[in-house]
Amino acid sequence: MSAFFLPILLLAIILEGSLTFLPLVFLVLLVLTVKKRESWIFSAAFFAGIILDVFYLKTVGTTSIFFLSFLFLLLLYQRKFEIATYPFIAVSSFLGSFIFMIILGINAPFMEALVSSFIGLLMFKFYG
């Protein structure tokens with residue numbers, strides 16, 4: 001596990017659970033999956049989803065299932081195409097954020113998905 005990863009994931013969980021509805025944890029997991037492509041990210045996604053469900057007072061496991069299935073589809077897509085590109089990050093962070101916000105029941109998912117896509121691009125650019 002990356003030493004840089006854990007503090008950023010914990011900060012994203014705290015910020016998303018308390019201050020904002022932007023899917024920061026999803027964006028961190030997306031960028032890490034694209035950059036690292038390691039299997040421990042699945043267990044991190046599972047536990048982060050459980051913690052977020054507790055924060056949201058939702059059925060435990062819903063967010064984890066979304067994270068795991070989206071990351072799995074992302075890695076399946078990797079077999080045919082290059083996923084470590086800016087257009088791919090923009091589209092996948094927009095679509096994933098949009099679907100996630102619909103699941104959460106957020107009122108303006110389109111605008112927040114656009115903002116999430118921009119944040120995802122910034123994370124991808126500055127992560128390494």
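Here are some notes on this predicted model, taken point by point.

1. Ground rules. Residue numbers start from 1 along each chain as its sequence is written. As this is a predicted model, local features need pLDDT of at least 70 and side-chain atom pairs count only at pLDDT 80 or more, while totals for chains, interfaces and linings use all residues; side-chain values use heavy atoms, with hydrogens and water left out.

2. The core. I'd start with the largest nonpolar core, which has 35 residues. (A nonpolar core here is a set of buried Ala, Val, Leu, Ile, Met, Phe, Trp, Tyr and Cys residues joined through side-chain atoms within 4.5 Å; buried means under 20% relative accessible area, exposed over 50%, and partly exposed in between, with a 1.4 Å probe and protein chains only.) Helix 1 (5-18), helix 2 (24-36), helix 3 (40-56), helix 4 (62-78) and helix 5 (86-104) each put at least two residues into this core, and helix 2 gives the most, with 10 residues. Helices are DSSP runs of H or I, at least four residues, numbered from the N terminus.

3. Residues to click on in the core. Those with the most contacts inside it are Phe5, Leu9, Val25, Leu29, Val34, Phe67 and Leu74. Take Phe67: leaving aside residues up to four places away in sequence, Phe67 touches Val25, Phe26, Leu29, Ala45, Gly49, Leu52 and Phe100. Contact means heavy atoms within 4.5 Å.

4. Helix 2. This one is largely enclosed by the rest of the structure, because 11 of its 13 residues are buried. The buried set is Leu24, Val25, Phe26, Leu27, Val28, Leu29, Leu30, Val31, Leu32, Thr33 and Val34, and what covers these residues includes helix 1, helix 3, helix 4, helix 5 and helix 6. (The expected span is 1.5 Å times one less than the number of residues.)

5. The end of helix 2. Lys35 lies in helix 2 and is partly exposed, with a relative accessible area of 31%. The C-alpha atoms of Lys35 and Tyr127 are separated by 8.4 Å, although the two are 92 residues apart along the chain. Helix 2 is followed by Arg37, which sits in the loop between helix 2 and helix 3. Arg37 has a positive phi of about 55 degrees although it is not a glycine, and at 36% relative accessibility Arg37 counts as partly exposed.

6. Another positive phi. Leu57, in the loop between helix 3 and helix 4, has phi near 55 degrees, a positive value in a residue other than glycine. Leu57 is exposed, with a relative accessible area of 77%. I'd look at the backbone there.

7. Helix 5. Its 19 residues should span 27 Å at 1.5 Å a residue; the end C-alpha atoms are 26 Å apart, which agrees. Buried residues in helix 5 include Phe88, Phe94, Gly96, Phe100 and Leu104, and their cover includes helix 1, helix 2, helix 3, helix 4 and helix 6. Ser97, also in helix 5, is buried, with a relative accessible area of 0%. Not counting residues up to four places away in sequence, Ser97 touches Pro23, Phe26, Leu27, Ala113 and Ser116. Just after helix 5, Gly105 takes a positive phi of about 85 degrees.

8. The largest pocket. The volume is about 230 Å³. (On a 1 Å grid over the protein atoms alone, a pocket is an open set of points where a 1.4 Å probe fits, with protein on both sides within 12 Å along at least five of seven lines; lining residues have an atom within 4 Å of a point. Volume is the space filled by probe spheres set on the points, which are joined across faces, edges and corners.) Of the 13 lining residues, the closest to the centre are Phe4, Ile8, Val28, Met123 and Tyr127. Helix 1, helix 2 and helix 6 (109-127) each supply at least two lining residues, with helix 1 giving the most, 5 residues. By class, the lining has 13 nonpolar, no polar and no charged residues. (Ala, Val, Leu, Ile, Met, Phe, Trp, Tyr, Cys and Pro count as nonpolar, Asp, Glu, Lys and Arg as charged, and the others, Gly among them, as polar.)

9. The second largest pocket. This one has a volume of about 170 Å³ and is lined by Phe70, Leu73, Leu74, Tyr77, Phe88, Val91, Ser92, Leu95 and Ile99. Helix 5 gives the most to the lining, with 5 residues. The classes come to 8 nonpolar, 1 polar and no charged residues.
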